[in-house]
Amino acid sequence: MARLISHSDYFVICTAALVLAISCETCASTQPPASFFIFGDSTVDAGNNNYINTIPIMKANYTPYGESYFERPTGRFSDGLVAVDFIAEYAGLPLIPPFLQPSAEFIHGVNFASGGAGVLPETNQGLVIDLQTQIEYFEDVRVSLKQKLGKAKARKLIKKAVYFISIGSNDYLGGYVLGNPQVRIDYNPEQYVAMVIGNLTEKIQLLYRKGGRRFGFLSLCSLGCIPILRDLNPNANKGGCFEDASALAQAHNKALKIVLAKLERQLKGFKYSNYNLYDWLLHRINHPSHYGFKDGIDACCGSGPFGGNFTCGKAPSYQLCDNPKYHVFWDSFHPSQALYEQLGQESLEWAPSHCGTIQHSRTLPCKETLIIADAVVDDH
Ligand SMILES: *[C@@H]1O[C@H](CO)[C@@H](O)[C@H](O)[C@H]1NC(C)=O
Ligand SMILES: *[C@@H]1O[C@H](CO)[C@@H](O)[C@H](O)[C@H]1NC(C)=O
């Protein structure tokens, strides 16, 4: 069968193929559903930080968080759902529960992500569930799956699952640009990026050794254009994007791209997609009206210039826009649910033209989308 993920330009779109594979397997009555394991930071945290002992800014368990969808806070750093919720929805899965949620049902997968987490253990140390710990929690799940399903079935589930990783922004923001100045003295940007990427590579290899084969990544976005960094931008072009932060994200993305191509060559059966969130989000920031937004710059919820002061829901007074769906950014750091929804949708809709061999439309019945699942799963 033709390889779908054969060229770096195609990684973006083939996210959809990986994700669709989950949904299709759930439709085939003889096959157990594939699982969706999520690792990362606030871009994908579905509420783990509700259950940890941390400082208030690491939690999103107060109004108006969640107002657009749940009408109550859930711990998601969004006015509603986050990216992985939409991906799960479009794949025909229920919302994937946070690992720490008591009595959560893990049959379709687990979300280990933690707002504020970085790749490096020292990023927001002691305040978040770092990536190493997220993987240790995954190990707990793996052990319990073996006990529940037996070794062979558990191994199959682990192999077929999609491992979705969205992390790194906090290493560069809290850990470097806005962090302890000593870090910027000890490491120049190249050295720092190399350290983050070195650690991330080890974590990917670790998940591979534990049986993971199908990986999805979100690249880092143009970090300097998020409202808090526009606000804090010390350079003369105050109000523009904080270019040093965006440059770190670009360096990280470039290095990760090289690492992933290398891992694909080295590790038998390793498959991945790497969504180019950087360019995708920048288009929306710069041309909001092309995408149904009215404002690509200002946070819906926050205070000060650009809503860049991270006070949403916390300070005695903060501004809240009339309708978050017209804003690219919900708060000083995080996109709105409307943006995440487009991210989920587009990753599916781009599939046919770019992946060529795939015939896909969101209205196809499950039987036909199974072809996509087979194409992805059987190509080695
Ligand atoms: C991982 O990060 C630590 C700092 O936490 C650093 O000392 C180490 O060199 C990094 N590892 C790699 C492989 O880059
Ligand atoms: C952010 O808002 C808080 C609470 O209103 C205020 O104390 C603080 O000075 C503000 N910070 C900036 C940088 O504007």
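**Ligands, pockets and disulfides**

Q: How far is the polar side-chain atom of N199 from an oxygen atom of ligand 1?
A: In this predicted model, a polar side-chain atom of N199 sits 2.4 Å from an oxygen atom of ligand 1. A polar contact here is a pair of N or O atoms within 3.5 Å; within protein, one must be able to donate a hydrogen and the other to accept it, and residues adjacent in sequence count only if both atoms are side-chain atoms.

Q: Before we go on, what are the ground rules on numbering and pLDDT?
A: Residues are numbered from 1 along each chain as its sequence is written, with chains lettered from A and ligands numbered from 1 in the order in which they are written.

Q: Which residues are around ligand 1?
A: L120, P121, E122, M195, G198, N199 and E202, where "around" takes a heavy atom within 4 Å. E122 also puts a polar side-chain atom 2.8 Å from an oxygen atom of ligand 1.

Q: How does the shell around ligand 1 split by class?
A: There are 3 nonpolar, 2 polar and 2 charged residues. Ala, Val, Leu, Ile, Met, Phe, Trp, Tyr, Cys and Pro go down as nonpolar, Asp, Glu, Lys and Arg as charged, and the others, Gly among them, as polar.

Q: And which residues are around ligand 2?
A: N309, T311 and A315. On its own ligand 2 exposes 370 Å², of which the protein buries 32%. N309 has a polar side-chain atom 2.4 Å from an oxygen atom of ligand 2.

Q: New topic: how much space lies in the largest pocket?
A: About 530 Å³. On a 1 Å grid over the protein atoms alone, a pocket is an open set with protein on both sides within 12 Å along at least five of seven lines, a cavity is a set of points where a 1.4 Å probe fits but cannot get out, and lining residues have an atom within 4 Å of a point. Points are joined across faces, edges and corners, and a volume is the space filled by probe spheres set on them.

Q: What lines the largest pocket?
A: There are 33 lining residues, with S42, N170, L173, F333 and H334 nearest the centre. By class they are 21 nonpolar, 11 polar and 1 charged. The largest share, 4 residues, comes from α5. Helices (H or I, at least four residues) and strands (E, at least two) are DSSP runs, numbered from the N terminus.

Q: How many cavities of 30 Å³ or more are there?
A: The structure has 2, and the largest cavity holds about 40 Å³. Its lining is I165, S166, I167, L200, F217, L218, H252 and L256. β3 (162-166), β4 (214-218) and α9 (243-266) each give at least two residues to that lining.

Q: How many disulfides?
A: The count is 3, taking cysteine sulfur atoms within 2.5 Å. One of them joins C225 and C241, with sulfur atoms 2.2 Å apart.

Q: Why is the C225 and C241 disulfide given its hand?
A: The torsion about its S-S bond is about 110 degrees, so the disulfide is right-handed.

Conventions: This is a predicted model: local features need pLDDT of at least 70, side-chain atom pairs count only at pLDDT 80 or more; totals for chains, interfaces and linings use all residues. Side-chain values use heavy atoms; hydrogens and water are left out. Accessible areas come from the Shrake-Rupley method with a 1.4 Å probe; for residues, only the protein chains shown count as cover.
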